[in-house]
Amino acid sequence: MKHAVVAVFSALLLCTLALGILAVGAPVAQAAGGGYVNKCGGGKILLNASEKRAFALHNEARRDRGLKPFCVHPALQKAARAHSKDMIERDYFSHDTKGRNEDACERIRRYSYRWSACGENIGYDSTPERMFDAWMGSSGHRANILSGKFREVGIGAHTGNYGGFETTMYTVDFGARG
């Protein structure tokens with residue numbers, strides 16, 4: 001009887017460990033409030049919580065004005081994430097990549113996005129809502145968000161120390177192909 005109890009306990013322990021390993025292996029972005037959104041060309045792509053919220057705010061503004069919603073293009077997503085991370089890690093704020101002779105559209109092309117039109121919004125703030133409100137209050141940033149020519153985006157949000165304080169750096173890369 002004692003061996004049967006030990007065997008049952010061991011089996012339960014193994015199942016618990018297996019479930020724990022699966023849970024730990026789940027995407028961190030999803031566990032932190034992020035999730036999947038529509039990827040250009042079909043399917044889904046995983047965004048972290050700040051990226052997902054910023055994406056939703058962009059599409060809400062577009063829908064409210066009768067514009068088609070954005071989809072996330074994987075190449076634009078990689079470019080936006082990399083730029084936000086680079087600005088935090090190397091402590092600068094610019095559409096131009098620090099140390100390279102490269103503007104936003106050249107950087108987007110380096111990430112294999114072949115655009116017919118491109119644009120970029122960058123900024124830093126404590127929440128996606130505050131960042132989005134700032135962009136909507138700026139005519140140039142607002143024009144990118146509400147442009148009918150742009151249908152594809154990548155949204156990168158990276159949190160870290162910039163200028164001596166903790167903040168989230170945002171990059172939104174806009175594109176059109178064709």
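**Contacts, burial and packing**

Reply: Setting aside sequence neighbours within four places, Thr97 is in contact (heavy atoms within 4.5 Å) with His83, Asp86, Arg90, Tyr92, Glu102 and Arg107. This is a predicted model, in which local features need pLDDT of at least 70 and side-chain atom pairs count only at pLDDT 80 or more, whereas totals for chains, interfaces and linings use all residues. Residues are numbered from 1 along each chain as its sequence is written, and side-chain values use heavy atoms, with hydrogens and water left out.

Me: Which side chain does Thr97 join through a polar contact?

Reply: A polar contact is a pair of N or O atoms within 3.5 Å, where, within protein, one atom must be able to donate a hydrogen and the other to accept it, and residues adjacent in sequence count only if both atoms are side-chain atoms. Here the side chain of Thr97 is joined to that of Arg107 at 3.1 Å. Thr97 itself lies in the loop between H4 and H5, and its relative accessibility of 8% places it among the buried residues (under 20% relative accessible area; exposed is over 50% and partly exposed in between, with a 1.4 Å probe and protein chains only).

Me: How many helices and strands are there in the protein?

Reply: Helices (H or I, at least four residues) and strands (E, at least two) are DSSP runs numbered from the N terminus, and by that reading the protein has seven helices and six strands. Along the sequence they follow the pattern α-α-β-β-α-β-α-α-β-α-α-β-β. Of the 178 residues, 41% count as buried, and among contacts between residues at least 6 apart in sequence, 62% join residues at least 24 apart.

Me: At what angle do H3 and H6 pack?

Reply: Axes are lines fitted to C-alpha atoms, for helices over the stretch in contact, and the angle between N-to-C directions runs from 0 to 180 degrees. For H3 (residues 49-64) and H6 (residues 128-136) the angle is about 40°, with the axes 9 Å apart, which makes the pair oblique; the classes are roughly parallel under 35 degrees, roughly antiparallel over 145, roughly perpendicular from 65 to 115, and oblique for the rest.

Me: Which residues of H3 and H6 meet?

Reply: From H3 come Ser50, Arg53, Ala54, Leu57, His58 and Ala61, and from H6 come Pro128, Glu129, Phe132, Trp135 and Met136. By class, this contact of H3 with H6 holds seven nonpolar, two polar and two charged residues, where Ala, Val, Leu, Ile, Met, Phe, Trp, Tyr, Cys and Pro count as nonpolar, Asp, Glu, Lys and Arg as charged, and the others, Gly among them, as polar.

Me: How do H6 and H7 cross?

Reply: Their axes come within 6 Å and cross at roughly 105°, so H6 and H7 are roughly perpendicular. Phe132, Trp135 and Met136 of H6 meet His141, Arg142, Ile145 and Leu146 of H7.

Me: What should I look for in the backbone angle phi?

Reply: Most residues other than glycine have a negative phi. Asp91, in the loop between H4 (74-89) and H5 (104-110), has a positive phi of about 50° without being a glycine, and is partly exposed at 44% relative accessible area. Ser112, in the loop between H5 and S4, likewise has a positive phi, near 70°, and at 53% relative accessibility it counts as exposed.

Me: How far apart in sequence and in space are Arg81 and Met169?

Reply: Arg81 and Met169 are 88 residues apart in sequence, yet 9.5 Å apart in space, C-alpha to C-alpha. Arg81 is in helix H4, is partly exposed at 34%, and makes a polar contact of 2.7 Å with the side chain of Glu51. Ser147 lies in the loop between H7 (139-146) and S5 (152-162) and is buried at 13% relative accessibility, while a polar atom of its side chain is 3.2 Å from the backbone nitrogen of Lys149.
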